Amino acid sequence: MMNFYMPAKVFAGEYAVRDHMKDALKGFRGPVLLVTGASSAKKSGALDDVLSALRDAGLESRIYDGIRENPLLTSCMEAGQLAHDAGCDLIIGIGGGSPMDAAKSIAIFAAYPGLSEADFYKKAWATPLPVIAVGTTSGTGSEVTAVSVVTDSTGRKHSINDPRLFPVASFGDPRYTMSMPLPVTLSTGADAIAHSMESFFSRKANEFSRAAAIRGIRLAYAPMKKAAAGEALTLADRSDLYEASILGGLAISVTGTAYPHNVGYFLTEHCNVPHGFACAVFLPSLMEHIRKEAPETADAFYSALDISEADMRALIVSTLPEEKLGLSEEDIENELPRWENNGTVKNTLGTVTQDYIRGLLKSV
Ligand SMILES: [Zn+2]
């Protein structure tokens, strides 16, 4: 079986916004709500490129720049209200995973202002505003997924996944990622590798997702090795990383992620660990788990990659910051029920028990 659905038009490459945004804007009358974080949209040059495309198309815009890392659902509600009041007919998210994910949730609140948090997650809504995603980091893959991860009112990272949340078009220009500082390059790159690896080791993997996952990791491997060694990345390296991120996104758009992502959310919520590192820290244990529980899949993975298991593990470890988190036993016990019936955890090949997760959390 090889089922997949990928409705987003993707434009990835140098000058993608300049060359193709005009087509994507056809049919919209504006105003457009631009959703950004504090600085990367500006610093990367992406915001200027989008503004210039909007000017050429004769579309007005408003900017909501209140999105921060691990965006809050309340910020999405606020921005949605703003878009609604301004009569916007399009949301453009510019930045890393946070602004792009937030844009998808904002698109729901823009169409249904005043929607409650419960109704938002229950999907008591029909048609969100269309979203265009413009990526400035290389990791999230949000450009090609129907997932929006936002922090709910209890402080948990809580994702909503629905085909109506696919961006109508996505843009990525590796030039935008040149301004990423090294820790961001490493964390977002680790996220891209996590997406591909978790997807490959998911029960839902098929020919398409596996091919995307393998190509994604192969493209990310050399530039990530350079970055982990502190070497500067060229535009060609950045371009490979960006494409790796899109391929990882395509892979998880079919399969979803596996347990490292879901357990990783907890590290981000409790210890503020950047998303990519928070997930990648569990990849070496995922590799061990698969080696033990599904050895044929492990063999197929490393032989398709043409990278040894040891080299793969070494790369992942070299990208992670050396820091011991020391989560308290109490925090771990309180949190464990969260993974009891979790779809992402169940998706992982083999059996992932509560005891196993307890051990993982104690080890970080
Ligand atoms: Zn991720």
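**Helices and strands**

Tutor: Helix α5 (residues 97-111) lies across β2 (32-36), β4 and β5, and runs at about 165 degrees to β4. Helices here are DSSP runs of H or I with at least four residues, strands are E runs of at least two, and both are numbered from the N terminus. Angles run from 0 to 180 degrees between N-to-C directions, with axes fitted to C-alpha atoms, for helices over the stretch in contact. Contact means that the C-beta atoms of two residues, placed from the backbone, lie within 7 Å.

Student: And where does this model come from?

Tutor: This is a predicted model, where local features need pLDDT of at least 70 and side-chain atom pairs count only at pLDDT 80 or more, while totals for chains, interfaces and linings use all residues. Residues are numbered from 1 along each chain as its sequence is written.

Student: OK, which strands does α9 lie across?

Tutor: Helix α9 (residues 235-255) lies across β1 and β8 (169-172), and its angle to β1 is about 165 degrees.

Student: What's the strand order in the open sheet?

Tutor: The order is β1-β8-β5-β4-β2-β3, six strands with parallel pairing. Two strands pair if DSSP finds at least two bridges between them. β1 (9-12) and β3 (61-64) are at the edges with a single partner strand each, so one side of each has no neighbour in the sheet. From one strand to the next, the twist averages 15 degrees.

Student: How many bridges join β4 to β5?

Tutor: Five, between β4 (residues 90-95) and β5 (residues 131-135), which run parallel. Ile 94, for one, has Val 134 in β5 as its bridge partner.

Student: Switching to β6 and β7: parallel or antiparallel?

Tutor: Antiparallel, with five bridges joining β6 (residues 147-151) to β7 (residues 157-161). Ser 148 is bridged to Ile 160 in β7. The two strands form a hairpin with five residues between them, and Gly 155 in the turn has a positive phi of about 90 degrees.

Student: Back to helices. At what angle do α7 and α8 pack?

Tutor: About 155 degrees, with the axes of α7 (residues 182-200) and α8 (residues 207-228) 9 Å apart. α7 and α8 are therefore roughly antiparallel. The cut-offs: under 35 degrees is roughly parallel, over 145 roughly antiparallel, 65 to 115 roughly perpendicular, and the rest oblique. By class, their contact has 12 nonpolar, six polar and one charged residues. Here Ala, Val, Leu, Ile, Met, Phe, Trp, Tyr, Cys and Pro count as nonpolar, Asp, Glu, Lys and Arg as charged, and the others, Gly among them, as polar.

Student: How do the axes of α1 and α3 cross?

Tutor: They come within 9 Å and cross at roughly 45 degrees, for α1 (residues 16-25) and α3 (residues 46-57). That makes α1 oblique to α3. The contact is made by Val 17, Arg 18, Met 21, Lys 22 and Leu 25 of α1 with Ala 46, Asp 49, Val 50, Ala 53, Asp 56 and Ala 57 of α3. Those residues divide into seven nonpolar, no polar and four charged.

Student: Last one: what does the domain assignment give?

Tutor: Domain 1 (9-176) and domain 2 (181-363), with bounds from an automatic or database domain assignment. Their C-alpha centres lie 25 Å apart. The contact takes 21 residues from domain 1 and 25 residues from domain 2. On the domain 1 side, the residues are five nonpolar, 12 polar and four charged.
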